[in-house]
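Student: Hi, could you walk me through this one?
Tutor: Happy to, let's look at it together.

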Amino acid sequence: MRVDVVSIFPEYLAALDLSLVGKARTAGLLDLRVHDLRAWTDDRHRTVDDTPFGGGAGMVMRPDVWGRALDDVLDDGAHLVVPSPAGEVFTQRTAERLAGEEHLVVACGRYEGIDARVAEHYAGRVRVTELSLGDYVLNGGEVAALVVVEAVARLLPGVVGNPASLVEESHGAAGLLEYPVYTKPAEWAGHAVPDVLLSGHHARIERWRRDRALERTAERRPDLVAALDPAALDRHDVAL
Ligand code: 6GU
């Protein structure tokens with residue numbers, strides 16, 4: 001997969017050299033290119049923003065600068081992702097959908113955002129998705145770009161060493177949070193690992209994990225329980 005990220009803080013994306021995403025790049029599974037938006041400015045001050053029409057606080061990113069950048073970086077098959085607190089909420093389903101794309105371009109806005117004509121203009125040429133991380137305010141799209149690239153890259157074939165680890169995780173197909181996990185030592189600071197996990201009884205362990213996942217999800221994320229497909233519940237599942 002090819003991913004281009006355009007930002008006025010390209011150094012922000014340096015974290016993508018590390019860990020799993022870094023390995024995916026080295027292995028040639030992810031062709032990630034980070035661009036400085038100011039490369040497409042044409043004045044001495046390398047201006048990317050201006051005051052909002054209609055007044056109000058803050059600055060808005062200029063469409064002409066973004067237009068030159070995106071005309072260079074976007075090709076016809078690309079999918080343009082614009083991080084914005086006004087976007088649709090980014091979920092595991094969004095990550096799965098984006099992981100099927102050949103080419104993503106992430107346009108990171110700052111200040112009060114990018115002139116609205118940019119998303120409108122490119123929607124006539126390519127798919128455009130405005131994405132929000134959640135209901136809180138960040139200073140710009142760079143953190144969202146990190147989140148989107150990491151969530152998408154780990155779904156690409158060959159990136160996660162053991163694909164089985166993608167199956168049971170929180171926000172997976174089951175629609176539940178993941179069950180609690182434990183490792184050695186079996187007793188630590190007066191806390192014991194639940195006996196069933198040491199029993200070697202595979203069916204009981206599976207049942208226990210499912211119960212804990214249901215319990216946790218009901219407690220912490222009643223919205224996820226409400227969205228469960230009743231057909232996905234088994235007859236041993238407790239009433240939630
Ligand atoms: Cl994607 N951008 C900004 N600036 N703030 C956010 C966000 C994105 N998602 C949540 N808050």
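**Domains, sheet and ligand**

Tutor: The C-alpha centres of domain 1 and domain 2 lie 36 Å apart. This is a predicted model, where local features need pLDDT of at least 70 and side-chain atom pairs count only at pLDDT 80 or more, while totals for chains, interfaces and linings use all residues. Residues are numbered from 1 along each chain as its sequence is written.

Student: Which residues does each domain take in?
Tutor: Domain 1 covers 2-153 and domain 2 covers 170-232; these bounds come from an automatic or database domain assignment.

Student: And what does the C-alpha trace span along its principal axes?
Tutor: About 70 × 40 × 40 Å. The protein has seven helices and nine strands, taken as DSSP runs numbered from the N terminus (helices are H or I, at least four residues; strands are E, at least two).

Student: Okay, the sheet. What is the strand order?
Tutor: Five strands make an open sheet in the order S2-S1-S6-S5-S7, with parallel pairing. Two strands pair if DSSP finds at least two bridges between them. Strand S2 (31-36) and S7 are at the edges with a single partner strand each, so one side of each has no neighbour in the sheet.

Student: How much are neighbouring strands turned against each other?
Tutor: By 25° on average, direction ignored. The axes are lines fitted to C-alpha atoms, for helices over the stretch in contact, and angles run from 0 to 180 degrees between N-to-C directions.

Student: How many bridges join S5 to S6?
Tutor: Three, and the two strands run parallel. Val 81 stands opposite Val 106 in S6. Strand S1 (residues 2-7) also pairs with S6 in the parallel sense, over five bridges, and there Val 6 is opposite Ala 107.

Student: Is S6 largely enclosed or open, and why?
Tutor: Largely enclosed by the rest of the structure, because four of the five residues of strand S6 (residues 103-107) are buried. A residue is buried if 20 or more other C-beta atoms lie within 10 Å of its own, exposed if 12 or fewer, and partly exposed in between, with C-beta atoms placed from the backbone. Over the protein, 25% of the 240 residues count as buried.

Student: Switching to the ligand: what surrounds it?
Tutor: A shell of 13 residues, the closest being Pro 83, Pro 85, Leu 133, Leu 138 and Ala 144. The elements giving two or more residues to the shell are strand S5 (79-89) and strand S7 (127-132), and S5 gives the most, with three. A residue is near a molecule or strand if its C-beta atom, placed from the backbone, lies within 6 Å of it.

Student: How do the shell residues divide by type?
Tutor: Eight are nonpolar, five polar and none charged. Ala, Val, Leu, Ile, Met, Phe, Trp, Tyr, Cys and Pro count as nonpolar, Asp, Glu, Lys and Arg as charged, and the others, Gly among them, as polar.

Student: How do S5 and S7 pair?
Tutor: In the parallel sense, over seven bridges. Pro 83 has Leu 131 in S7 as its bridge partner.

Student: One more: where is Ala 99, and what is it in contact with?
Tutor: Ala 99 is in helix H3 (residues 92-99). Beyond its neighbours within four places in sequence, Ala 99 is in contact with Val 152, Leu 155 and Leu 156; contact means C-beta atoms, placed from the backbone, within 7 Å. Ala 99 and Val 152 are 53 residues apart in sequence, yet 5.2 Å apart in space, C-alpha to C-alpha.

Note on methods: Two residues are in contact if their C-beta atoms, placed from the backbone, lie within 7 Å.
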